[in-house]
Amino acid sequence: MHSIISVEEAVAIDSPVFIDVRSPAEYETGHIPGAVNIPLFSDDERVQVGTTYRQIGVEEAKLQGLVLASAKLPDIVGRVQQLRESGRKVVVYCWRGGMRSKAVVTVLELMGILSSQLSGGYKAYRQFVLNRLRTFEVKPIIIVLCGSTGTGKTLILNQLANANIPVINLEQLANHRGSVFGQIGLGRPATAQIFDTNLLLALDQLNTQPYIVVECESKRIGNVYLPDCLFDAMRRGKKILVSADIEVRVDRLIKEYIHLYKDKDNDEAIVAGLESLRRRLGNKKTECLLADFRAGKVRDVVKVLLVDYYDLMYGYGQSDTAIYDVEVNADDIEQATEVIIQYLQQFGR
């Protein structure tokens, strides 16, 4: 009888080697952190076996899977052998802890390689992450950087991280800037599976710190959502209002996004983003923005978007400053970062 291990037991192991035998597409959607993808089937082969299972039957699908996998087994064994040379425990998983992981573990045992099959597979691990986020107690004080678009909140967050201040860059985890144009130039956004897993890792790593600094975000960032444990902690936390001169903000956004405008492959997405604001900005203003963008008047476009869209939407200019614990002018990012670091000293390290 081969070894079967639960998710709770597996994550408690010191430096395990997780082997994900699912197809590359399944792995990209979500996987256990640090897992090595050694697929038993390619994406196309997985579809073929699934089609056979649904249209013909279980036994025929098993036979087809055996034929497709048999030629790969020597390579799989060799790769696992290399990974386990450090003496680390090998844990193999598929989607539900079914035939794929069982087959690989069985072959590894026949070759004298000790390994365990993850009970319930990645599906069980995903549920483990969701359950932990649902009950997670955020112990540090959450320090929230608030402020209008372009004031330099992300720049400050990066500076704080460089100074070894505990931060979580939520937009980086989501691979999305959290705005209408937030996905342009970044490639694929993080899936909920990837985002939740990496966020849980960050929370676990920093939960003994006295505080964690984050940027103010809504519940949703692109296609992912903040768990209640963190979102509620952000609402209870300390708030820093970051401000900057409008011309400085325009300069920063142009510098940050200039590659988007220079890369003509992004034009269609930028135009689509502007079009999506038509209802809010009105036809006349939207047409002016589109004309200015096509004419290369990037600065004019950015300034109008800041003044007539982002500033009105977030409303920091009209908000009651009494709700913030400290205000920081970020025309000079390094100076603003120093002011924030001094403020954070009261919470200890």
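## Aromatic pairs

Tyr 309 is buried, as is Tyr 310; buried means under 20% relative accessible area, exposed over 50%, and partly exposed in between (1.4 Å probe, protein chains only). The model is predicted, so local features need pLDDT of at least 70 and side-chain atom pairs count only at pLDDT 80 or more, while totals for chains, interfaces and linings use all residues. Residues are numbered from 1 along each chain as its sequence is written, and side-chain values use heavy atoms, with hydrogens and water left out.

The structure holds eight aromatic pairs. Rings of Phe, Tyr and Trp (its six-membered ring) pair if their centres lie within 6.5 Å; planes under 30 degrees apart count as stacked, over 60 as edge-to-face and the rest as tilted. The ring centres of Trp 95 and Tyr 122 are 6.4 Å apart and the planes are at 35°, so this pair is tilted. Trp 95 is partly exposed, at 34% relative accessibility, whereas Tyr 122 is buried at 3%.

## Cluster and charge

Phe 18, Tyr 93, Trp 95, Tyr 122, Tyr 125 and Phe 128 are linked by ring pairs into a cluster. The charged end of Arg 22 sits over the ring of Tyr 122, 4.5 Å from its centre (CZ of Arg or NZ of Lys within 6 Å of the ring centre and within 35 degrees of the ring normal).
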